[in-house]
Amino acid sequence: MFQLEKYHTNVRTEIIAGITTFLSMVYIFFLNPQILGQTGMPKQGIFLASIIVSTIGTLFMGLFANLPFALAPGIGMQAYFTYTIVFGFHFKWQQALAVVFLVGVFDLVITLSHGRRAIVKAIPEELKAAIAGGIGLFVAYIGLKNAGFINFIIDKANIITGWGTPSMVGNGGVTPEMANFNQPAVILSLLGVLILIVLLLRKVPGAFLISMIVTTIIGIPMGVTSTHIEWTQSLSQTFSQFSKLIFSGFGGQGMPTLFNNWHDFLLTLATVFAMGLTGLFDAIGTLLGIGEQTQIFTAADQKEFAENKSGFKTRMDRALLADTVTTTAAGVLGTSNTTTFIESASGIAAGGRTGLSNIVTAIGFLLTIFLAPFVSVIPTSATAPILIVVGISMMGELKKVQWDDFEVAVPSFFTSIFMALSYSISYGIAAGFIFYILVKITVGKFKQINPVILIISLMFLVNFILIAFRFAS
């Protein structure tokens with residue numbers, strides 16, 4: 001079934017690879033509730049939903065595509081779900097789950113129709129790199145704020161609306177500053193960052209998980225980590241909370257409310273496209289990047305993908321289908337968008353070459369359910385360092401941008417910087433596309449603009465105009 005001989009591997013190697021991948025990415029199940037839980041979603045329910053979705057996706061990837069790539073909720077999409085869709089766009093978390101489902105459907109349609117190739121070809125390479133690097137900036141910035149490293153100086157004169165309320169809107173006069181490292185939680189976050197960096201530099205397996213556990217333990221005498229655990233009650237509560245999440249995106253507070261007016265409709269459309277596009281680039285980038293280095297994909301696989309032939313005969317095409325189906329399931333079960341995890345590279349480096357290693361990884365995911373009581377114990381100070389370091393690693397994509405070419409640098413800069421500072425991946429993509437068009441028109445290269453870029457940019461512009469009129473009234 002797994003054709004071990006064909007891919008020059010054996011059962012023992014695949015088991016070791018599966019365990020390695022599991023240890024490298026199990027931290028995500030504890031990080032996900034910390035990020036999504038800020039929206040009001042029940043944390044232990046998120047924990048279980050994340051495990052179930054990851055298990056489904058990882059098994060599907062292993063059995064259908066016969067590949068050692070595991071899937072789980074992506075860190076960039078966690079942040080986008082919470083800080084952009086819910087906090088920024090003021091969507092309810094039920095609406096956000098409906099958006100996740102629509103993103104999965106969108107990706108599924110373009111994957112089944114092979115429209116992904118047209119979209120990928122339409123986006124200039126420098127903007128793809130800027131999008132990936134911008135997400136890194138976004139994630140790292142969130143990590144720095146969650147760690148407590150950044151404070152903001154707020155003066156009443158700089159508040160536009162909502163003074164004295166929980167939700168104040170300030171102008172550019174609200175100034176960030178470095179925090180004073182005299183609070184236990186901030187000091188613990190700093191220790192967490194140092195521990196994680198040292199572990200990664202020393203190439204210690206499972207560095208993310210180890211740093212999270214060690215930082216949590218250090219936080220006990222510091223008074224940051226809660227040690228209150230009720231095993232029986234916690235496990236039953238986990239399943240009870242999960243029952244409140246599943247299908248909640250389709251209830252009265254979810255899907256039906258996304259289309260109440262033109263503003264919500266266009267905002268939903270733009271968000272679905274931005275998240276779908278990002279997920280598409282992420283999946284293809286991970287599969288091709290790791291696949292080419294390890295020669296998991298044959299020359300025939302890559303040729304058929306490039307030529308966009310019909311059917312799903314190659315492992316690469318099947319992998320993309322598994323990735324999109326899993327995100328659709330995430331919206332149904334109650335968590336943020338899933339992605340093909342880059343941490344799968346650790347298992348591949350250990351010798352994993354087939355879907356058998358994914359079966360082992362999925363079993364590990366299921367066993368993690370019994371650790372549900374620890375979800376409420378792990379402090380933000382133990383998870384914020386992971387966001388910072390993941391952001392650092394993603395920013396490497398920016399080196400692919402030709403910064404000495406001003407024609408390329410302008411749209412790339414606005415793409416990446418707006419993602420972080422506007423707390424929105426979609427706004428970053430919008431800024432990049434719009435400036436890309438303006439630059440091409442200015443230098444007389446309008447014909448180089450792909451029609452897909454023009455259509456998407458027009459959608460973004462209409463959305464911005466509607467937002468402006470909405471707040472003006």
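**Loops and a surface patch**

Modeller: Start with His90, which is exposed, because its relative accessible area is 60% and the cut-off for exposed is over 50%. Keep in mind that this is a predicted model.

Colleague: Where does His90 lie?

Modeller: His90 sits in the loop between helix 4 (75-86) and helix 5 (93-112).

Colleague: What about the phi of His90?

Modeller: The phi of His90 is positive, about 65 degrees, and His90 is not a glycine.

Colleague: Why point that out?

Modeller: Because most residues other than glycine have a negative phi.

Colleague: OK, next one. What is the phi of Asn66?

Modeller: Asn66 has a positive phi too, near 55 degrees. Asn66 is placed in the loop between helix 3 (43-65) and strand 1 (71-73).

Colleague: Is Asn66 buried or exposed?

Modeller: Asn66 is buried, because its relative accessible area is 8% and buried means under 20%.

Colleague: Switching topic. Which residues form the nonpolar patch on the surface?

Modeller: Met178, Phe181, Ile187, Leu190, Leu191 and Leu194. Together they have about 510 Å² of accessible area.

Colleague: Which helix gives the largest share of that patch?

Modeller: Helix 8, residues 184-201, with four residues. Leu194 is in helix 8.

Colleague: And why does Leu194 count as partly exposed?

Modeller: Leu194 has 47% relative accessibility, so it counts as partly exposed. That class runs between the 20% and 50% cut-offs.

Key
Residues are numbered from 1 along each chain as its sequence is written. This is a predicted model: local features need pLDDT of at least 70, side-chain atom pairs count only at pLDDT 80 or more; totals for chains, interfaces and linings use all residues. Side-chain values use heavy atoms; hydrogens and water are left out. Patches are made of residues with over 30% relative accessible area and no salt bridge: like charges are joined within 9 Å, nonpolar side chains (Val, Leu, Ile, Met, Phe, Trp, Tyr) within 5 Å. Accessible areas come from the Shrake-Rupley method with a 1.4 Å probe; for residues, only the protein chains shown count as cover. A salt bridge is a side-chain nitrogen of Lys or Arg within 4 Å of a carboxyl oxygen of Asp or Glu. Helices (H or I, at least four residues) and strands (E, at least two) are DSSP runs, numbered from the N terminus. Buried means under 20% relative accessible area, exposed over 50%, partly exposed in between (1.4 Å probe, protein chains only).
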